[in-house]
Amino acid sequence: MTLTKGQYQIGDIVFGAGTNIIVTNFQAQSYDVNAQDYQISRSDETRFGLDTFKPTTISMNLEVIYNWLLDPFKNTIPNFWADKPTVSDLATEWRANDIRNSWGAIKPLFFCGRDNINKMVFGRPGQFSAEKVSHNSTVVKCVAEFRRADTLVYAVDESAKALTGSTNVIRSVGDSDSWCRIIIPGPATNPAIQIGNNTIQVNTTVASGKLLEINSYPWSRRIVNSDGLNLRNSLSSSSIYLDKLKLPMGTSTARIVSGATSATLYWRDAWSAID
């Protein structure tokens with residue numbers, strides 16, 4: 001999948017520039033701040049606690065263009081308009097039947113940024129509406145909502161760095177700390193990996209020819225081996241939790257602490273805004 005500037009994709013439907021679905025407005029709503037502020041007793045001051053962000057929605061205004069060949073050409077020239085996505089196709093995609101009945105399941109909304117990098121946001125399609133027009137109308141206006149799973153934007157392409165001893169990992173693309181995943185091939189016993197100031201260790205044995213994945217991506221967060229065994233309960237008590245395992249911007253040091261001879265660190269560059 002390669003999108004060009006002004007294009008978007010959800011499922012198999014590409015829309016925006018160069019397609020029959022025009023995007024007249026793409027508005028990422030501001031996130032909510034769950035603030036733990038409190039007033040100091042008998043004081044004119046406020047103390048600030050731990051703030052967290054609650055993702056909201058993206059609102060899109062779309063115009064679906066219909067066209068057709070007139071006589072005498074419609075029977076002699078292939079009607080390429082017949083294969084273009086329709087309002088019905090959009091409505092079907094926005095019902096999200098592939099994920100909406102699965103607990104925790106999310107899907108990406110792809111777009112091409114101003115920097116020409118293909119990016120994605122994760123979440124679920126929300127409400128969808130389309131106007132009713134006459135059968136002769138060539139344009140149908142629609143409004144579509146996308147409910148975000150978090151407040152970041154991610155690169156579609158994944159970056160990787162082999163860990164051999166102490167390795168410098170340089171992140172110069174993006175503007176936000178990114179989630180990551182680690183693949184450890186066997187043989188390995190109780191492998192421990194350090195990323196920056198954080199260490200994660202899994203108390204398990206990985207046989208030769210098998211793999212262990214430690215994954216902090218919100219859309220696939222897990223610790224699992226290549227046999228499909230869930231090993232989240234094997235996380236060492238001294239380890240950082242998966243929802244805190246991130247790769248910072250700039251230069252970080254990553255290394256194998258113990259228990260393994262090789263590992264590969266993967267990450268997706270991240271941005272704070274849709275641009």
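Which residues lie nearest the centre of the largest pocket? I looked, and found Phe53, Asp150, Thr151, Leu152 and Lys246 there, among 14 lining residues. I noted that a pocket is an open set of points on a 1 Å grid over the protein atoms alone, where a 1.4 Å probe fits, with protein on both sides within 12 Å along at least five of seven lines; lining residues have an atom within 4 Å of a point.

**Ground rules.** This is a predicted model, where local features need pLDDT of at least 70 and side-chain atom pairs count only at pLDDT 80 or more, while totals for chains, interfaces and linings use all residues. Residues are numbered from 1 along each chain as its sequence is written, and side-chain values use heavy atoms, leaving out hydrogens and water.

**Salt bridges.** I looked these up next: a salt bridge is a side-chain nitrogen of Lys or Arg within 4 Å of a carboxyl oxygen of Asp or Glu. The structure holds 9 of them.

I found Lys107 paired with Glu93, their closest N and O atoms 2.5 Å apart. Both residues are buried (under 20% relative accessible area; exposed is over 50%, partly exposed in between; 1.4 Å probe, protein chains only).

Then I checked Arg181 and Glu213, which meet at 3.3 Å, N to O. Arg181 is buried at 18% relative accessible area, and Glu213 is buried at 8%. This pair belongs to a network of salt bridges that also links Glu158 and Arg222.

My last pair was Lys210 and Asp227, at 3.0 Å, N to O. Here Lys210 is partly exposed at 34%, and Asp227 is exposed at 55%.
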